[in-house]
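Visitor: I am new to this structure. Please show me how to read a few of its features, one at a time.

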Amino acid sequence: MSVIEVLSPGLYTTVQDKGRTGYRAFGIPVSGAMDQLSADLGNKLLGNDSNAPVLEITMVGPKLLFQDNANIAITGADLSAQVNGKSLKTNTIVTTRSGDVLSFGKLKYGCRAYLCIQNDFDVPVHFGSSSTYEKAQLGLPVLKKGMKLNYQSNSILDFHQYSRIKPSSFLFEENTIDVIPGPEYNLMNEKFLSEKFEITQDSNRMGYRLKGTLSYSHSNSILTSTVMPGTIQLPPSGDPVVLMKDCQTTGGYPRILQVTEMGINILAQKKPGDKVKFRL
C-alpha cells in the first residue's frame, strides 16, 4: 500500500465519489462530488471505475507528499497545480515519483478541482460510498495536516487511449443555469427568471444562498416535503437557496425550481461573488 502525506490541507479538501443512493429515507444526504462531470473526466483519463473516490479541492489547494510513484490527473478548476514547484497542466495524466510534492497556487478559474489517482484511494466505505459527509462523520474527515491517504500502487497505463479527453469550457464560462419547474412553481415571482443573482459568502456544499436586486420576500409555507440536490427553495426572507450535494432530505420552504444535473455541475464551479441566472 502506498501513502500520500498531507503537508497542508488547503481550504476545504474532502474525499468524494458519486455519493450515497438509497438512504435518503433515513435522512442521509447523497453527498458526492459537487461537479460530477469533472470528477468523471479525471477517472476516465486514468481508466478508473466511474465511482472511484477522488479528492475534491475547494479554491485553495493542499500540499501533498507522495511516498511512492503514482499516475494522477487533476480536472475541474485550475488552481495552478505544481509538482516540486514546476507547473503541470490540468486534464492530463501526470506521473509523480516517490518524494514528489504536489501543491497548488493561484485560482485561475472555477471553484473546485478534482485529484484522481490510478487504482483509487483506499478509503473507508459507509452506506455504499466513500464520500465525506462532515456533519454525520461519514467517510474520511476533511483533510488535516499530518493525515495520510492510502492508495494502490500504480500499474501500466495506455496513455494514448485516454489522454485526448478534454473538458468543455462552458462549465466555467456559462452563467445561465437550466431549471425545470418545482412543485411550488406557482408561488414564484414572474420576475425571478429575469434576475441576476449573486452567490453569497454563506454558500457551501449544503447549499448556495443567492442575493438578487429585487425583493422576493413572502409569507408562504408548505408542509415539510422532500428536497434534493438542485432544489431551489424560497425562504420568507426572499433570498433563494440552491440546495447542493450535502443538502438535507426534507424542507418546509416552497420549492419553486429544480436545477438540472448539468446545472449543478456548473454551479459547483461558481464561487462567492459570481452571478448567475436561471432558464426554464
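Guide: Keep in mind that this is a predicted model. Let us begin with a helix: Phe170 is found in H3, which covers residues 170–173.

Visitor: Is Phe170 buried, partly exposed or exposed?

Guide: Buried means under 20% relative accessible area and exposed means over 50%. Phe170 has a relative accessible area of 32%, so this residue counts as partly exposed.

Visitor: Which residues form a nonpolar patch on the surface?

Guide: Phe170 belongs to that patch together with Leu37 and Met262. The accessible area of the three together is about 230 Å².

Visitor: Now the strands. In what order do the six strands of the open sheet come?

Guide: The order is E7-E6-E9-E4-E1-E11, with antiparallel pairing. E7 (86–87) and E11 (148–151) stand at the edges; each has a single partner strand, so one side of each lacks a neighbour in the sheet.

Visitor: How many bridges join E6 to E7?

Guide: Two bridges join E7 to E6 (residues 82–83), and the strands run antiparallel. In one of these pairs, Gln82 has Ser87 in E7 as its bridge partner.

Visitor: What do E13 and E14 form?

Guide: They form a hairpin, with three residues between the strands. E13 (residues 197–203) and E14 (residues 207–211) pair in the antiparallel sense over three bridges, and Ile199 stands opposite Leu210 in E14.

Visitor: Where does Phe197 stand?

Guide: Phe197 is opposite Val276 in E20. E13 pairs with E20 (residues 275–279) over two bridges, again in the antiparallel sense.

Methods: Residues are numbered from 1 along each chain as its sequence is written. This is a predicted model: local features need pLDDT of at least 70, side-chain atom pairs count only at pLDDT 80 or more; totals for chains, interfaces and linings use all residues. Side-chain values use heavy atoms; hydrogens and water are left out. Patches are made of residues with over 30% relative accessible area and no salt bridge: like charges are joined within 9 Å, nonpolar side chains (Val, Leu, Ile, Met, Phe, Trp, Tyr) within 5 Å. Accessible areas come from the Shrake-Rupley method with a 1.4 Å probe; for residues, only the protein chains shown count as cover. A salt bridge is a side-chain nitrogen of Lys or Arg within 4 Å of a carboxyl oxygen of Asp or Glu. Helices (H or I, at least four residues) and strands (E, at least two) are DSSP runs, numbered from the N terminus. Buried means under 20% relative accessible area, exposed over 50%, partly exposed in between (1.4 Å probe, protein chains only). Two strands pair if DSSP finds at least two bridges between them.
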